[in-house]
Amino acid sequence: MVKETIRVYARVKPLGRRQQAAIYSVDNDETSLSSLEVIMPHDLADGFVNNKRESYKFKFQKIFDQEEKQDVVFDSIAKPVAESVLAGYNGTIFAYGQTGSGKTFTITGGAERYSDRGIIPRTLSYVFNNLQKDSSKVYTTHVSYLEIYNECGYDLLDPRHEASRLEDLPKVTIMEDPDQNIHLKNLSLQLASNEEEALNLLFLGDTNRMIAETPMNQASTRSHCIFTIHISSKEPGSATIRRSKLHLVDLAGSERVAKTGVGGHLLTEAKYINLSLHYLEQVIIALAEKNRSHIPYRNSMMTSVLRDSLGGNCMTTMIATLSIDKRNIDESISTCRFAQRVALIKNEVVLNEEIDPRLMIVQLQKEIQELKDELALVTGKQRTSELSQEELLQLDELIETFLQDNDPDSTLDVGADIRKIKYCFLRVKQLMKHSKMSEEKLLSQHLPEEKDIGKEAAEEELKKLKEILQQRDNEINILVNMLKKEKKKSQNALFQLNAASCGTTVLEQSLSLNLDESQSPSCRFSLKEEKDFSSSVHRLPFLSRQTGGKMSLGCQEAFEVFKRDHADNITIEDNKLLLKQRFAEAKHLGEKLNEVRNRINHLKGEIIQRRIQRAALAVSSPSEELNTLDLVEEKLRMQMEEEKKSYKEMFGHLKGLKIEIEHLQLLMEKLKMKLQKDFEVWWSQEAINLQTQQEKPETVSSPNSATVYPQCIKSSQHLSSDSSSETTRVSPNENPPRKDNSITSSNPTLKTRTPPKSSTSVPLTGDNQADADILAFIKARQNILQKKGLGNK
């Protein structure tokens, strides 16, 4: 492992024809670091008082002035890094500076002259020349070219070679493994076996790169480009492979938008470039701080790709390109400050070696064979992978004697042969399985007797379940009969109300009986709908509350309905309410008693404390005044007597409440017992009736419904007719209809009579919800008739 700081170099761009040079000086000392001094004289336009610095000094490994050539730059900067890459270390060279300061010329080079070649082509030439000279190793070289434009990665070495636009190039995405190693998806690795193929790939990538004209540079690169050379080397017959990579990075130039005045698409590009360089500066600052735990590599794609190069396993070199022009001197000073921060970063460089698994397998197989030969030479026997038949018989005898030996200190000695040890373990395992199987067979012989016993128990349990099922069926039938009775009562009440409403008008005298009979089906249909509606509205609210497990669910629901209609239910509810009130009074009175007791104890404590104080005062200073009556103590005593009096009164009241509560509880228990006994008698009677009905089924007739239908049919026919008729009210003094409700055909006019006023009362059940539903249905029926204009006038 080698720890070294990032090497920082500076290169000054030659001035143009119309540019004015700033004042600067370069001091290249071969023994120590080179220094650059920039002088900025005060401007008179800023005023007489000007505290700005005039001189700026910066230290670099070496400074290349305007006259330095490309080959000198390569020999000083790139050559040492390329040598380390050939030795198996990772390396990075990147150029940083403002737009138009010469970064691309330094990294890639110029196209006019051969001597203007940059670091990338010179490095490729140097690497391949050394690979051809070194015949002791087998080398493999691959090349990749990544462009980062507007925070999106693109592969400039597209194997299709059909990209006419940047959007046609494959997009490169970053992926990270659990070990936090960066992998670039869709970035192609192109094999380059010689210098010519590598230079062709470099030329292909440069043609696909984004270049635009800006006020700072006629051919400004608007993206960051990373040209990477991957080298793997292996000595013949060795299992060790060395893998190294060299990043040659050409960063896009930073620029001030206010100075350049760009807009539109160039402005968007400048924003992304400045933002990515800002994130790069954040990473550099975080790496320069000693106590910084988090490094923001993930803020941009460029810092993520260069994670190893910045503070990782890489020998990194930076070139700061400077434009010594009066207009750009501020940006050049900012670049030098950034370079000074980069020079503080230390990288830990490790030789990248890994073992080839295929060669390792071959070596291990060879070593195993050598060990076998050596073992056969020592023992005098050629050892095979399997034991002979004689050895197996000897081992079986040894295992049998070992298992039959009752001595706890006995051992099974088979020698230092791993094959014999494994066989002994397998043999013992087989014997254990055999003994378990024999035990299971013995148990299976005794199982038939146990099965017969279990069969009898299952038959008894099945018999009990059948009895319980029969009991549940009886309970369900009783509940169904109760529901039918309640439903029948509600239907009778509805039909009586409909008959009463239908009998309030007199049918038209000129209407013939045949017309009435022809319209009767429609009336019957409407009555059927009303019947279905009334039956769907009325529902009995069955309760499903547990009663301590003494009753089943059906019996319990029947008990709830029976209890609701029982005469003693109102008394039980009243007693419950009264008992609840008495409990609340007793609780409130008990709290008051506790408060009074606490006050009495407090007063008693004050009196005792007062007496102790007076006794202590009498001992310390005896006088006649102490024998006088203490008014405070007397007052406390009077208060305590009053509290005791109120305590006795409340206690007597509480005692009376307790007696009343016990009496109410006893009364409720008696009523519940009586209710339970009545229900048991009724339940047994219902069960007997159900059994007789099942034995002798009878058809149930409903005469009440039969008496209502004819009346309602005739009156509904009259209501549905559109002919005008004279209506007269029927006096309540008329006789009620006969039981058979027969209609005399001799009378030319058909009349309906209303029942007496007392007969219109509905026999409501104990279910308040059902009564409310019936009344709501009657009201809805009257509203419908009024809307149609057929109601009573």
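**View 1. Tyr126 counts as buried, at 17% relative accessibility.** Buried denotes under 20% relative accessible area, exposed over 50%, and partly exposed the range in between (1.4 Å probe, protein chains only). The structure is a predicted model, in which local features need pLDDT of at least 70 and side-chain atom pairs count only at pLDDT 80 or more, whereas totals for chains, interfaces and linings use all residues. Residues are numbered from 1 along each chain as its sequence is written, and side-chain values use heavy atoms, with hydrogens and water left out.

**View 2. Aromatic pair of Phe74 and Tyr126.** Eight aromatic pairs are found in a search of the whole structure. One of them, Phe74 with Tyr126, is edge-to-face, at 6.2 Å centre to centre and 70 degrees between the planes. Rings of Phe, Tyr and Trp (its six-membered ring) pair if their centres lie within 6.5 Å; planes under 30 degrees apart are stacked, over 60 edge-to-face, and the rest tilted. Phe74 belongs to helix 1 (residues 70-86) and Tyr126 to helix 3 (residues 119-133), so that the pair links distant parts of the chain, 52 residues apart. Helices (H or I, at least four residues) and strands (E, at least two) are DSSP runs, numbered from the N terminus. Phe74 is buried, with a relative accessible area of 7%.

**View 3. Stacked pair of Tyr96 and Phe338.** The ring centres of Tyr96 and Phe338 lie 4.2 Å apart, with the planes at 25 degrees, so the pair is stacked. Because Tyr96 is in strand 7 (residues 91-96) and Phe338 in helix 8 (residues 329-342), the pair ties together parts that are 242 residues apart in sequence. Both Tyr96 and Phe338 are buried.

**View 4. Aromatic cluster of Phe679, Trp682 and Trp683.** These residues, Phe679, Trp682 and Trp683, form one cluster.

**View 5. Lining of the largest cavity.** A cavity is a set of points, on a 1 Å grid over the protein atoms alone, where a 1.4 Å probe fits but cannot get out; lining residues have an atom within 4 Å of a point. The largest cavity holds about 50 Å³ of space, a volume being the space filled by probe spheres set on the points, which are joined across faces, edges and corners. Its lining comprises Ile148, Tyr149, Asn150, Glu151, Arg222, Ser223, His224, Tyr272, Ile273 and Ser276. Strand 8 (138-149) and helix 6 (265-288) each supply at least two lining residues, and helix 6 gives the largest share, three residues.

Key:
1 Å grid on protein atoms, 1.4 Å probe; cavity = no way out; pocket = protein on both sides within 12 Å on 5 of 7 lines; lining within 4 Å.
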